[in-house]
Amino acid sequence: MREFQCPSCRQSVSFEQTECANCGCQLAFDASCIGMTSLDFQRACSNRDIIGCNWSVEGSDRYCGACRLTRTTPNLGNPRNVMLWRRVEGAKRRLLYDLARLQLPLASRNGSPVAFDILADGTGPILTGHLSGLITLNLAEADDVEREARRVAFREPYRTLLGHFRHEIGHFYWDLLIDSTTLQAPFKLIFGDETQDYQAAINAYHGRIDRSYDGSGFISEYATSHPWEDWAETFAHFLHIVSTLDSLAGLPLALDERARQTLTDPYLESDFDALLALWTPLARGINGLNRSLGMSDAYPFDISPAVKGKLHLVHMAISAFRDQQSLAA
């Protein structure tokens, strides 16, 4: 995302900052206007001290709109859990920023809100997943060592907290944007038949001995497991793309007129091809920068023509929903 400015001294500040390093202004992110304000004119979230939540609250609520979505928290009597939960909520706030910029709702068609359970392994393993708007995340994913071990074990080129959130919310938006809409038939054509037995498909995926897959048809290996997972993986990548392009907009780079138009607001850009035209060289560039620093590729994926078509359907679904909401307003 783009950098914000301190409301007091106009110094650049990041999305996560609680205090301006230049003037000491206490910062608060106001989700209602998607901007940074001074805490002098806002009320702080009750989680500000414990996990560094810098969002302001609305009305008489104790917690901000982001923290209120967390239905279950881990045992906070354990200092390690508090540290890991802080990282989880930070990633979740970035997800909610993406969704606000895309103008996507946080409730289903029947009004049921999205909710999050952040759980720690105890009597049994916690599986990160989604069910009818409830996203469960294993707290262990916030531990860099544990997450890297899982990334290697599952042969994944990329595994992050934010990536988890973007993937799981993708399942929720399949229900909202695709299911029982005019886009369900195109979805079947491009992604496959989602009515196939989901659990059987997942079991078969994890039971595979041969881990090779058609890289020209899928953005990741996990996307091959079931059309729903293919959609969720593709939805997450669409969020990766528009968010990173939004960061590009704030950099001092020479760009042509069409690129500047696209970067006015990548989240609302109507021309999908314009987004990809910017993303392709950017992904190549950030991978090159990482390699220069001796690091792995930041975006270790290839967008084939088939994957581009899937990303295009995600873009179409979000745009169509947004247009419908505008007409209904």
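## Stop one: a loop residue

Start by selecting Ala-249: leaving out residues up to four places away in sequence, Ala-249 touches Arg-2 and Leu-263. Keep in mind as you click around that this is a predicted model. Ala-249 sits in the loop between helix H7 (227-248) and helix H8 (257-262). Now show the C-alpha atoms of Ala-249 and Arg-2: they are separated by 7.0 Å, although the two residues are 247 apart along the chain.

## Stop two: the core

Next, head for the largest nonpolar core, which has 78 residues. Pick out Leu-177, Trp-231 and Phe-235, the ones that touch the most other members. Nonpolar side chains tend to be buried together in soluble globular proteins.

Zoom in on Trp-231. Which residues is Trp-231 in contact with, leaving aside its neighbours within four places in sequence? Among them are Gly-170, Tyr-173, Trp-174, Leu-177 and Ile-178.

## Stop three: charged pairs

Time for some salt bridges; a search of the whole structure finds 26 of them. Side chains of opposite charge can pair when their charged atoms come close.

Select Asp-144 and Arg-147, whose side chains meet in a salt bridge at 2.9 Å, N to O. Both lie in helix H3 (residues 144-153), three residues apart, or about one turn of the helix. Color by accessibility if you can: Asp-144 is partly exposed at 44%, whereas Arg-147, at 14%, counts as buried because the cut-off for buried is under 20%.

Now jump to Arg-258 and Glu-269, which form a salt bridge at 3.2 Å, N to O. Arg-258 is in helix H8 and Glu-269 is in the loop between H8 and helix H9 (272-292), so this pair ties together parts that are 11 residues apart in sequence. Arg-258 is partly exposed at 33%, while Glu-269 is buried at 8%.

One more pair: Asp-273 and Lys-308, with a salt bridge of 3.5 Å, N to O. This one links distant parts of the chain, 35 residues apart, with Asp-273 in helix H9 and Lys-308 in helix H10 (residues 305-328). Both partners count as partly exposed, Asp-273 at 45% and Lys-308 at 35%.

## Last stop: a network

Finally, select Asp-121, Glu-141, Glu-146, Arg-150, Glu-156 and Arg-159 together: they are linked in a network of salt bridges.

Key
Residues are numbered from 1 along each chain as its sequence is written. This is a predicted model: local features need pLDDT of at least 70, side-chain atom pairs count only at pLDDT 80 or more; totals for chains, interfaces and linings use all residues. Side-chain values use heavy atoms; hydrogens and water are left out. A nonpolar core is a set of buried Ala, Val, Leu, Ile, Met, Phe, Trp, Tyr and Cys residues joined through side-chain atoms within 4.5 Å. Buried means under 20% relative accessible area, exposed over 50%, partly exposed in between (1.4 Å probe, protein chains only). Contact means heavy atoms within 4.5 Å. Helices (H or I, at least four residues) and strands (E, at least two) are DSSP runs, numbered from the N terminus. A salt bridge is a side-chain nitrogen of Lys or Arg within 4 Å of a carboxyl oxygen of Asp or Glu.
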